[in-house]
Amino acid sequence: MKTKFRFVTLILVLAFVLQACGSNTTTNSSSSSTSSSTSSSSSESSSNDGVLTIAMTAGNIPVPNTIPTEGSEGLRFVGFQLYDGLFRWDLSSDTEAAVPKPALAESYEVSEDLMTWTFNLRHGVTFHDGTPWDADAAIFNLDRVMNPEFEYYDAKSAGGVANYTKWIASYSKINDFTIQMVTKEPYSLLNWELTWVLFGSPTAIKELGADFSTNPVGTGPFKFVELKEGQSMTMARNDEYWGDKAKVSKVILRPMADAASRLAALQSGEVNWAELPPPEAIASLESRGFQIYLNAYPHVLPFMFNMQNDIWSNKLVRQAANYAIDRATLAESLLNGAGEPATGLMYPGQSWYNSEATQYSYDPEKAKALLAEAGYPNGVDTTFVIPIAGSGNMWPQPISEYVQKNLAEVGINVKLEVMEWSALLETFASGFPEGSDYGAVMISTGTYTPIRAIDYNFAESAFSPVGNNRGKYTNPEVEALINQIKTASGDDVDKYMQQATAVINDDAPWLFLLHDKNLRALAPNVKGFVMAQSWFQDLTTISVE
Amino acid sequence: MLNFLLKRLLLMIPTLIGVTIIVFLIIQLVPGNPVDALVPPESSQEVKDQLIESLGLDQPLYVQYLKWMGDLLQGDLGRSIIKTSSVNTLLFDAFKNSLVLALFSAAFAFIGSLILGVIAAYKPKSIFASIGNMIAIFGISIPNFWGGLILMGIFSVTLNWLPSIGMYSVGGDGGFLDLIKHMILPGIACGMVTLGVMTRMIRSNVYDLLNEEFVLTLKAKGAKSSTILLHVLKNATPGILAIAGLQFSQLLGGSILVETVFSWPGLGQLIYQAISQRDYPIIQSGILLVAVFFVLLNILVDLLHAAIDPRVQKG
């Protein structure tokens, strides 16, 4: 009997060894099998101008209303593809951070007091259903998100754009192709805000009511075709688009919450664009001819310090923590380059980056000295809160554990408390919970508009629950600079932004960790993609060969 | 029999009411808010409060519960807060998709385990029995989503034989063959645990029965081995059925991870996403649906059990 058992074991072991060898050989040839499969799909697609199939990180298909669900990923792949605003992000450059450019507004004038904005609307634009774009359509859409008395007011869309429309006191039609907005205070940056306010067809909104959000009609470079719940959403090129028309005939979105699944789908040729594959797969994907795209954009992943906390209200301790982090190793070894070290609020290359401001290098000795100077020669004990996942937070757990190790080396002993994303947002809705001893919380933020970067995060008027200043940081210098930023134009915006950045970096209200680099992998046959320095991307330049 | 059925159906009502109350309370007590999925994280509380009010979420819990129950009794599960579509349609489609996958997994697991289990019991020392054992142990010990990823790596990425995502090819004909192709990998991944559990169970049941006196009698009478097998299986059925029923419910409700890995648009994924976005109408109705199905399936198993084994009815 024993002999029989041994025989069986031997056979099984042999089978495994053979399987392992076999899978090696097939892995090697798989690059050719993958490319042949993609080329077969490309030959299929060249007859219809190419189809871009995107594996999204969201688990759901974004609901394609004028403010789609699934956060900024919904805007990236759905909102900005189906709709236009008065302004669109200029996503043509991969070397400079994106700025707004006129879109459904052809041109605009701002009054000297910076309160009255007059927009000359673009002529000859129609919505995908043929409805003409004009001042009436514009006012209809503004009423839909700003006038609760309006018959077609949509509370959800209104909530989605409230951060951007809050500057506007009133709006009116001047003539068929001119509208005017009056702001509540002098404000020179309204064009940045208006990139988020997107316009849907009034005809469709009136006809469909609540069902508009699943049968959207905009003016964007792609038209809505079909939404299969939980499976896919198909958009087709808008051949009548007023701007540069898309090259691919279709864009298909597939929700895939699991990174390994997105990787497999890309490798098997089922999608030709994968958002955020596992960073450890970068080298192997490159060796198989897949295109890896990484580019910094206005984003920062920090721990926000609790300024009400005895330990963290001390600037020296905050600076000490910032000097304790070996960001280069974190970005390169742990994340395979999927992030860039954040030595301050802005990344080098961003026009608001200030090279003369304090930038935090890795200097554990200095950290220890600062901690001792702050009166904690024996170190401190504290608790940091991190999310499990959540929009833009990258990989919170491994990153935080790394930070925890770094901080422990200089004497800052951190206990990590993990919260589910929605629960975390609720817990910190009004800032740090009263009476809690939390020292910091990890919440990523986009720094892509001047106001979002500084005012939302660091102004006294932005103390949560009003804004994102959850740690209740305040500095009169920053307040003064915010007022200057709000009324500045041209190069002055950059100048004041750099000054504000310098103050904030030095004050260290956050533990700056990383700037995300938006890792994505494209199949070899996807051409013409320019990875903008933005969370958003232009799909019109892409062709699938 | 009718009495038995009526009793069980009546008992179902308080069970389900209990489920609705518990689900409703638990999900509302957990911190988090559907509004967070609708507005940017840095939105002001004022904006959030307005939205909460417009969604009716500021009303007392019992009012919200009674309204939901009232609509439910009229067959209206409401509209999803996040997806805006009708919950009836969303749940029905997702349930159908999960059911299709569960049926396929169950067929794979039940047939597989029957074959492996019976062989292992009949010839406990053969190579087949060892292979069967091995498969059973693999099935039980490998987490199903991980098994799914391995299958995906071999059959989708390396060999390129089978698709790795979704239920149908986008732009495909949506036909039966397309469905089968998409179902094989997630079906096997889901069914492996059941295959493992049931193989071991069937093997030991059949093995015990083979040593019973009635089998000896049958053998002495010169019955054919196929006849003996039939008798043995009939005696083993109640036990198998009880486990099979439980396993099937698990296949239907417990495959969230496999559904996520294979992007299968099923009920598990729908409810999981709804939980992370606090989409209350979907969570409440979704869990209720799973509970109803679970209870009905249990009744069905009991009925079958009673039909096969008259002692149950009398008891």
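# Close-up views of chains A and B

**View 1. Salt bridges join chain B and chain A.** The count between the two chains is three salt bridges. A salt bridge here is a side-chain nitrogen of Lys or Arg within 4 Å of a carboxyl oxygen of Asp or Glu. E420(A) pairs with R278(B), and the closest N and O atoms are 2.7 Å apart. Over all chains, the structure holds 21 salt bridges.

The model is predicted: local features need pLDDT of at least 70, side-chain atom pairs count only at pLDDT 80 or more, and totals for chains, interfaces and linings use all residues. Residues are numbered from 1 along each chain as its sequence is written, chains are lettered from A and ligands numbered from 1 in the order in which they are written, and side-chain values use heavy atoms, with hydrogens and water left out.

**View 2. The interface between chain B and chain A.** In this contact region, 54 residues of chain B meet 61 residues of chain A. Contact means heavy atoms within 4.5 Å. The size of an interface is often given as the accessible area lost when the parts come together. Chain B and chain A bury about 4700 Å² between them. Carbon and sulfur atoms carry 57% of that area. On the chain B side, E42(B), I165(B) and V170(B) lose the most area to chain A. Together they account for 15% of what that side buries. Buried area is the accessible area (1.4 Å probe) that two parts lose on being put together, summed over both.

**View 3. Chain B as a whole.** Chain B has 13 helices and zero strands. Helices (H or I, at least four residues) and strands (E, at least two) are DSSP runs, numbered from the N terminus. The C-alpha atoms fill a box of roughly 85 × 55 × 35 Å along the principal axes. Of the 315 residues in chain B, 46% are buried. Buried means under 20% relative accessible area, exposed means over 50%, and partly exposed lies in between (1.4 Å probe, protein chains only). Among contacts in chain B between residues at least 6 apart in sequence, 74% join residues at least 24 apart. The accessible surface of chain B comes to about 15100 Å². Carbon and sulfur atoms hold 69% of this surface. Accessible areas come from the Shrake-Rupley method with a 1.4 Å probe; for residues, only the protein chains shown count as cover.

**View 4. Salt bridges around K173(A).** D136(A) forms a salt bridge with K173(A), with the closest N and O atoms 3.0 Å apart. D136(A) lies in helix α3 (residues 135–146) of chain A and K173(A) in strand β6 (residues 168–175) of chain A, so the pair ties together parts that are 37 residues apart in sequence. K173(A) also forms a salt bridge with D176(A), where the closest N and O atoms are 3.3 Å apart. D136(A) is partly exposed at 44% relative accessibility. K173(A) is partly exposed at 36%. D176(A) is partly exposed at 47%.

View 5. K67(B) and D71(B) form a salt bridge, the closest N and O atoms being 3.1 Å apart. Both residues lie in helix α3 (residues 61–73) of chain B. They are four residues apart, about one turn of the helix. K67(B) counts as exposed at 53% relative accessibility. D71(B) counts as partly exposed at 23%.

**View 6. Helix α4 of chain A under cover.** Helix α4 (residues 155–165) of chain A is mostly covered, with ten of its eleven residues buried. Among them are K156(A), N163(A) and Y164(A). Within chain A, the buried residues pack against α3, β6, α5 (190–193) and α14 (450–458). They also pack against α2 (45–54) of chain B.

**View 7. T260(B) touches both chains.** T260(B) lies in helix α10 (residues 256–261) of chain B. It is buried, at 12% relative accessibility. Leaving aside neighbours within four places in sequence, T260(B) is in contact with A257(A), D258(A), S261(A) and Q269(B).

**View 8. S543(A) in strand β22.** S543(A) is found in strand β22 (residues 543–544) of chain A. It is buried, with a relative accessible area of 19%. Not counting residues up to four places away in sequence, S543(A) touches K247(A), V248(A), N525(A), V526(A) and K527(A).
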